[in-house]
Amino acid sequence: MVKIMGVEEKIELVKRNTAEIIGEKDLNELVKSKKEPSCYIGTAPTGVPHVGYFVWGLKVADLLRAGFRVKILLADLHAALDNTPWEILEERYKFYSKIIPLMIESMGADVSKLEFIKGSDFEMSKEYVSDLYKIASITSVNDCHRAASEVVKLGETPKLSGYLYPLLQALDEEYLKVDMQIGGTDQRKIFVLAREKLPQIGYKKRIELMNPLIPGLLGKKMSASVEASKISLMDSPKQIKKKVNGADFIEGDVDNGIMAFLKNIIFVLKKDKKEKLVIGRPEKFGGNLEFENYLDLEKAVLDKRIHPLDIKNSVSFEIISLLKGIEKKRVSLEKSFARAYPR
């Protein structure tokens, strides 16, 4: 028998593990008043997708369970504006359209309920371009620079394309006809710009939900453009073990990418499945340890009751397990990957 979720339970599910929600009061009213609210998250096919994507993938799964209609924008034009070569744009889009559903499916979400949309299918329309001119006419260069600075690779001599990026992202909320947008905390300034500028051209402002960012394996933001800082969804089990073993993790210190991944992804999945995290250890070192929640693990690390290597081995196992669905499709994915990321 399928359990019917109450309104407060839905709201709690939508909000859990978020970093910030702009328009939280509006979100509460939306869930109470609308049978099937809608939201979207955009991902630009630039670098190779990595395990940091699981953070927003989990939120997509939460929203589906809470009765939201979820749209995933595969933002090919945004990728071009962020310096992806035009000649390989279509191949990048094709690769993302194959691997992103597999990632979300690995978390138990029903991908048949997701709507995948290609950005250029509507962002080239006459109406959209007209609105782009309108929003550009009321937005300063300084506002665009501030909004794009944490998301777009602007460099020392920024291209005009990078400044268009946040304007498109703002307009996408209207043209996708959604109530809410999802993104990382690095997109906050774009969200604020959208809420300010859309009403000025006759459209309503949306709710903005932000997920935390996962630190990289080497202590920085996990980035698709910094190979050593992240684990690609295409990495083999051998590569995953090597990268995790090489990650920053000082004994007794919980401020690192490994612990952040456990907190924001692994323990969330374990809780939903009513499972415990098992840290495998040889009997001579005390045998296996089980943790029901992140705080218990964090305390064990702070007390130096568990060695970083034991945690790394467990994380490698969990990541490899999560990527089993992708591993099964490796042959076909490799062909698409080679066309999308030619050497």
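Buried here means under 20% relative accessible area, exposed means over 50%, and partly exposed is in between, using a 1.4 Å probe on protein chains only. By that cut-off N211 is buried, because its relative accessible area is 3%. This is a predicted model, where local features need pLDDT of at least 70 and side-chain atom pairs count only at pLDDT 80 or more, while totals for chains, interfaces and linings use all residues. Residues are numbered from 1 along each chain as its sequence is written, and side-chain values use heavy atoms, leaving out hydrogens and water.

**Nonpolar cores**

- A nonpolar core is a set of buried Ala, Val, Leu, Ile, Met, Phe, Trp, Tyr and Cys residues joined through side-chain atoms within 4.5 Å.
- The largest one has 78 residues, and F68, L262, L297 and I311 have the most contacts inside it.
- Helix α12 (residues 257-273) supplies the largest share of this core, ten residues; helices (H or I, at least four residues) and strands (E, at least two) are DSSP runs, numbered from the N terminus.
- Skipping residues up to four places away in sequence, L262 touches F267, L277, Y294, L297, I311 and V315, with contact meaning heavy atoms within 4.5 Å.
- There's also a second, separate core of 33 residues, with C144, A148, V151 and Y163 among them.

- Two or more lining residues come from each of α3 (53-65) and α12, with α3 giving the most, four residues.
- By type, the lining splits into three nonpolar, three polar and three charged residues; Ala, Val, Leu, Ile, Met, Phe, Trp, Tyr, Cys and Pro count as nonpolar, Asp, Glu, Lys and Arg as charged, and the others, Gly among them, as polar.

- Leaving aside neighbours within four places in sequence, N211 is in contact with T18, A19, V55, W56, K59, I182, G183, G184 and T185.
- S316 is in helix α14 (residues 308-322) and is buried too, at 4% relative accessible area.
- With neighbours within four places set aside, S316 is in contact with I240, K241 and V244.

**Aromatic pairs**

- Rings of Phe, Tyr and Trp (its six-membered ring) pair if their centres lie within 6.5 Å; planes under 30 degrees apart count as stacked, over 60 as edge-to-face and the rest as tilted.
- Searching the whole structure gives eight aromatic pairs.
- F122 and Y128 pair edge-to-face, at 5.8 Å centre to centre with 75 degrees between the planes.
- Both count as buried, F122 at 13% relative accessibility and Y128 at 0%.
- F267 and Y294 also make an edge-to-face pair, with 6.2 Å between centres and 80 degrees between the planes.
- That pair links distant parts of the chain, F267 in helix α12 and Y294 in helix α13 (residues 294-302), 27 residues apart, and both residues are buried.
- Ring pairs also tie F95, Y96, F337 and Y341 into a cluster.
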